[in-house]
Amino acid sequence: MDINELHAMAEQEQLRRKPHRIRYCTSAGCVSAGAIAVKDGLKAAVKDGKLDNEIEISSVGCMGLCARGPLVKVEPSEIFYENVTAEQAASVVSTCHGGATDAKVSDLEHPFWKLQQPIVLENRGRINPERIEEYVQVGGYQSLHKALTDMTPAEVVEEMKKSGLRGRGGGGYPTGLKWETVAKMPPGQKYVICNADEGDPGAFMDRSILESDPHRVLEGMAIAGYAVGATHGFVYTRAEYPLAIKHLQKAIKQAKKFEFLGSQIFGSGFDFKVDIRIGAGAFVCGEETALMHSIQGARGNPRPRPPYPAASGLWDCPTLINNVESFANVAPIVRNGGDWYASIGTEDSKGTKVFALTGKITNTGLIEVPMGTTLRQIVEEMGDGVPDGGVVKAVQTGGPSGGCVPADLLDTPVEYKSLLKLGAIMGSGGMIVMDEGTKMVEIARFYMEFCREETCGKCVPCRTGTVQLYELLDKISKGQGTAKDVEQLEKLSYMVKEMSLCGLGQTAPNPILSTLDYFKQEYLDLLQSPADLNGNKIEATANAPSA
Amino acid sequence: MSVQNQPTATVAPEKPQKSASDNKSKKSDNKSKKKESDRRYKALDMTMKRHHYEADALIEVLHKAQDTFGYLEEDVLRHVAKGLKLPLSRVYGVATFYHLFSLKPGGEHTCVVCLGTACHVKGASELLADLEAELGIKVGETTSDGKISLLGARCIGTCGLAPAIVIDEVVSGKQTSEETIKQIKDALAQ
Amino acid sequence: MSVVTLKIDGVDVAIAAGSSVMQAAQEASVEIPRLCYLEGLSTVGSCRLCVVEIAGINKLLPACTTEVREGMDVTTQSPKLQDYRRMVLELLFGEGNHVCAICVANGNCELQDMAIAVGMDHSRFPYRFPDRKADLSHTQFGIDHNRCILCTRCVRVCDEIEGAHVWDVSQRGEFCHITSGLDQPWGDVDACTACGKCVDACPTGAIFRKNDTTGEKVGDREKLEFLVKARENREWVR
């Protein structure tokens, strides 16, 4: 494969296309809302109308507005239809030739679409994830070609540094610096790992990216391999994501066939192969050292760092490990330059971030916004707020490692620094909206139950601290707690946070600490003898608080 | 699960290899069953061979074993340990660490209730409680007739559909207890 | 061999590069609480008792797995560390069923020693009273999971020194336990050589010799260190 062949491949795909295309979303959300019946309806209408030569019915990955599936898009008019039913399919087909349909047209001027800036999701609704030709047609693998033929590995690292991209898995470590560290390790066996073990409940960004645009992740990994001097990559993903695994397997096969993976890619001296490793149901394997143990066939127990994977990772070799979204940002950064990426977002946080917007919100879905967008814009404008006129109480980011931002702080911009200051974190991109009916102690208890069940059990504070924290929360939420219990809860939270071995334990108390910060009164109201924030008992009872 | 408390005499004198062959001889009562078992072991051996019998491939091999046998019975774990040259306790430790590996046979059908945050705030816990009451089992258990297993999932990533369930690998969203119970009944009737 | 110098609780120490803070502390005669650490075995950093403060680093780091650096300024005792260590011990005591009065290791138990060292006389967290088993199937030894603190010293000594790998950890989180073979009775595991190293390595009374009764277990932990040195440095005389 050389650049002419690459262009020819794109051209051929363009020529193959029929004048009209109708795309239907095949992600889990739309499928369970009836997308398959819609597809059958579309295909039948094309067949019945003998329109096979003019209209192509083709699947695409997630289009984002999951709340209103099944979604259908007509090209080239670029009209989106929401909540399409099988009965409406024929009339949607008829619109290609000026017909009318009663299917609901999506308002593309709505802030849900308008405030988005798709970079990671730029191919959303544009390509069939199972066909490499469509990825190539939209410019795919050209960044890899550019890196391999026009740039030295050091120049690629330099662009990544300039871009200001920070780890999108939640840690927020500067990606370019990580690449540089691995690149500077002495030559020899090195590895690239894509962390696709997306375990935060309420997050589905990585699943969506892998399902909808798997080649983009492979391209990013190959560029990373070239930059740091690695020839072997692994994607570690969850067994719970069968469609993502299927699409990824297919993509690897196709990329090998067209020599975007393999030896001497684009005639350069660079070899790169990618293998998939499938997890087996352990949240802790999202922690990088645990993930590497799991790839090596062991229990997913984390180990103390340093040494960091960049120095000693998989099989003790220098290892670059980044999250799916981070890798998905690589191709556009190489294509447009680091400065371009750095021009988006804020001083502290560059570029865009993908969020999975869920919970008590009207427009559930997947969005990509520039850093610096405020939570209020996301929740109230894009998400249309709580359904049925409800009121937002808090927004939870970062899953079990994150915190709850109360409604009066919704003007906070989405940035690593600002969120951290509030006791929340950017996290991997789960954003769960909670309404007035949500009990915050219950939420803290929910997350602690999660951590208690997902702790690997290696270190004492996390293994047994999470159990004691859960029991305290359970006691309080059942109205059996005392002021002393709340005090213990807070003390133990800090201990588990500071003493635990890995990120899971170190962040497990965050949901407690942030709800204690903003919603302490809810804890106090639940006590046997409720107290105000100063610890004064509200009801004058004869019993002294039990010690 | 633990057999450590059993009196030594009942289990102790047998050598591991012997107990494995004992089990096989029990199975050979039914010849076609044995043949089926041989075919499955062959499939497992192929997987180990493809991974060059490397110890690092343990999780891949266990995935294959679970797919082939339905669950990880003791003989299978022994076979894997022998093939990959791993200590028995290491294999057991890994097999029990990951929740998708099961050391007990599951039901013919499965109903998974997503317990992720989005589903939780939309009432997944209540849904699960209703299903537990309906089926008379707790989450993680299988009905005594072996027909259906009720499982909880951390998050199946379809938060737009909350609360979501998966019956025999088919995802359904925005569930009420009544709908889910009906779907379970339909699945069982098939 | 290059040497680095550092300060531990104000004491200057010089030690070979690549050593751990724990080893440097021993050199400086500073006692750091520990449970999962045992000289001669690999380090895992799991009990978290040996965490120390290092000037310029805003995280607490375990002394056993942290490598010494030139000019390091280590603090091993502070009110915060004291408080956290006490909580770790409370969690451990609450997690299992530790009844010193009837334990073979009473008076010769590292868990007990640590509790005394950090001044823990009772747990502020509720005791969990888990339902745990004991396995007496081995002809010479027994394991009582009620007294196990999951330090994994037995797992490591069996794998790394004896080379038998009888033990491993199974399940996860609060359900973790030490397992012999395929969760078989210990006495049935072919790989066991009955060498008794796990008995010596065990910090509590969880693994014991069958003839020992209350307070009679006398672990010979230095023996393991001696054994490792004997093999590595050919120092056969104790």
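Why is Val237(C) classed as exposed rather than buried? Val237(C) has 5 other C-beta atoms within 10 Å, so this residue counts as exposed; the cut-off for exposed is 12 or fewer such neighbours, buried needs 20 or more, partly exposed lies in between, and C-beta atoms are placed from the backbone. The residue sits in the segment after helix H6 (221–233) of chain C.

A few words on the model and its labels. This is a predicted model, in which local features need pLDDT of at least 70, side-chain atom pairs count only at pLDDT 80 or more, and totals for chains, interfaces and linings use all residues. Residues are numbered from 1 along each chain as its sequence is written, while chains are lettered from A and ligands numbered from 1 in the order in which they are written.

Now to the domains, whose bounds come from an automatic or database domain assignment. Chain A is divided into domain 1 (3–114), domain 2 (139–151 + 165–330), domain 3 (344–435) and domain 4 (440–525). Chain C has domain 1 (3–77) and domain 2 (83–233). Two domain pairs are set out here.

| Domain pair | Distance between C-alpha centres |
|---|---|
| domain 1 and domain 3 of chain A | 30 Å |
| domain 1 and domain 2 of chain C | 24 Å |

In the chain A pair, seven residues of domain 1 of chain A and eight residues of domain 3 of chain A make the contact, where contact means C-beta atoms, placed from the backbone, within 7 Å. On the domain 1 side, six are nonpolar, one is polar and none is charged. Nonpolar covers Ala, Val, Leu, Ile, Met, Phe, Trp, Tyr, Cys and Pro, charged covers Asp, Glu, Lys and Arg, and the others, Gly among them, are polar. In the chain C pair, 13 residues come from domain 1 of chain C and 20 residues from domain 2 of chain C.

Chain A also has an open sheet of five strands in the order E2-E1-E3-E4-E5, with mixed pairing. Strands (E, at least two residues) and helices (H or I, at least four) are DSSP runs numbered from the N terminus, and two strands pair if DSSP finds at least two bridges between them. Strand E2 (55–60) and strand E5 (104–105) of chain A are the edge strands. Strand E4 (residues 79–82) of chain A runs antiparallel to E5(A), joined by two bridges, and Glu82(A) stands opposite Lys104(A).

Notes: Two residues are in contact if their C-beta atoms, placed from the backbone, lie within 7 Å.
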